[in-house]
Number of protein chains: 2
Amino acid sequence: MTRYKITLSYDGSNFAGFQVQPNLRTVQGEIERALSYINQQRKTTFVAAGRTDRKVHAKGQVGHCDFHIEIPPYKLKRAINSNTDDDLYVVHVEKVDERFHARFSKHKKTYIYRINLGEYQPMERNYIYQYNHNLDVESMQKAISFLLGTHDFRAFVSENEEKENCIRTIYQASITRSLENPNILQILFEGNGFLKYQIRNMVGYLIKVGEKKVSPDEIQQVLTSKDRTKAGKRAPAQGLCLEKIEYVEEI
Amino acid sequence: MTRYKITLSYDGSNFAGFQVQPNLRTVQGEIERALSYINQQRKTTFVAAGRTDRKVHAKGQVGHCDFHIEIPPYKLKRAINSNTDDDLYVVHVEKVDERFHARFSKHKKTYIYRINLGEYQPMERNYIYQYNHNLDVESMQKAISFLLGTHDFRAFVSENEEKENCIRTIYQASITRSLENPNILQILFEGNGFLKYQIRNMVGYLIKVGEKKVSPDEIQQVLTSKDRTKAGKRAPAQGLCLEKIEYVEEI
């Protein structure tokens, strides 16, 4: 048995989310179809570091799979890419030790949420949230700094999230303007893991700060309240992209 | 009668080109449908500065139309935008003198052709040509400078182009790397007008230069040959975007 670590990018627009679902085109479904075909028609599971929501994109999603046969990584990369559509692309394949596990091996994830404060732009509509109004970016920058570090993020998770433990660590959180187009905000989060809807709910609250509906330091009270009703409106999925996943110890 | 100058942006991906065609969704067809509805159901023609090819995008296409009724420009903008799909957007509307003609009034057009020299990126596939190999950009920069000025561009036009006069002037031509991602080349052309496939054929030849299949100064011989078979392969449509149109004398 050979374990492969696979890094993939995808345009989430035309997938019904990440996780396999019967009769729906999903990222996991597509990649497993290709993997199983290459692995001599044996059903092959792709274990991802985590799911992404419907319409969310990835430049560096990571998963692993086990093969009965051994194929040089560059050939496996080519084989997957010639068996998938053009909205999903394998960036990298490597052989890893069987102790490597995409979900359980220690890692950090980087997400960027993009917002267009300028005029509506049709070409960006599936990749950048078309907010199309101005925001007080300085206040948002003050607010985001309160999210840094280890917190119980219960106030920002999905109502349906069943997880007992909502304690996560955010190593980096920043808001910058695109060099190419200063109307585009890039909200970056790097952390040891994110809960369902956590980033989109945090961004939703940051937008409320930018609209001056709440002051920047009120985000602290939301955090400590652990009350899911306080975070407000969730930001739409299409602005979010999983940029990269870095494993702390590569095996 | 009131004449309006309309600036619009569109994502060309899901249109069967610009020009009205029966039973096909085109940019002109969509905008005329909205205009005619707003203009009290009278058939209203949208006269564009020029057509764009199928799959080509625009950030600043310009056209004019004549209305039987008079509407404040900001209201007309809002009315068109609420009667079109999200891949077409009116950026600006203004009332103009009846002597203004989107095609015949003197103007200059700016196009940018984008190429990704780095790894395939699914999210860019409809907006940036996924060349995915390196190119000798310095040689391309040398070659593009020979296109500046007034020339007979017959060698670079479509085989089906019937135009007698292929003399056009290019005021600006440059190749820069994106500030956000240096693997993305931006080939900019500003000129008094471009013929069918001219930019895509010029870019195709510049790519040949970047591949070192021809030397940068051979582009001069192609120009002077006026021979359509010499230009080589046309670059794909989706990398091209009509960035803006500036009228020399606004009326």
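In strand E9 of chain A, A:Ile187 is the bridge partner of A:Ile175. The model is predicted, with local features requiring pLDDT of at least 70, side-chain atom pairs counted only at pLDDT 80 or more, and totals for chains, interfaces and linings using all residues. Residues are numbered from 1 along each chain as its sequence is written, chains are lettered from A and ligands numbered from 1 in the order in which they are written, and side-chain values use heavy atoms, with hydrogens and water left out.

Strand E8 (residues 167-177) of chain A runs antiparallel to E9(A), and seven bridges join the two; strands and helices are DSSP runs numbered from the N terminus, of at least two residues for strands (E) and at least four for helices (H or I). Two strands are taken to pair if DSSP finds at least two bridges between them. E8(A) and E9(A) form a hairpin, with six residues between them. E9(A) is also joined to strand E5 (residues 107-116) of chain A by eight bridges, again in an antiparallel arrangement. In this pairing A:Ile115 has A:Leu185 of E9(A) as its bridge partner.

Strand E9 (residues 184-191) of chain A is mostly covered, eight of its eight residues being buried (under 20% relative accessible area, with exposed over 50% and partly exposed in between; 1.4 Å probe, protein chains only). A:Ile184, A:Gln186, A:Leu188 and A:Glu190 point one way from the strand, while A:Leu185, A:Ile187, A:Phe189 and A:Gly191 point the other way.

A:Glu190 lies in strand E9 of chain A and has a relative accessible area of 9%, so this residue counts as buried. Apart from neighbours within four places in sequence, A:Glu190 is in contact (heavy atoms within 4.5 Å) with A:Lys108, A:Lys109, A:Thr110, A:Thr169, A:Ile170, A:Tyr171 and A:Gln172. The C-alpha atoms of A:Glu190 and A:Glu249, which are 59 residues apart along the chain, are separated by 17 Å.

In chain B, helix H3 (residues 137-145) packs against helix H4 (residues 198-210) at an angle of about 140 degrees, and the axes are 8 Å apart. Axes are lines fitted to C-alpha atoms, for helices over the stretch in contact, and angles run from 0 to 180 degrees between N-to-C directions. H3(B) and H4(B) are therefore oblique to each other (angles under 35 degrees count as roughly parallel, over 145 as roughly antiparallel, 65 to 115 as roughly perpendicular and the rest as oblique). The contact is made by B:Ser139, B:Met140, B:Ala143 and B:Ile144 of H3(B) with B:Leu206, B:Ile207, B:Val209 and B:Gly210 of H4(B).
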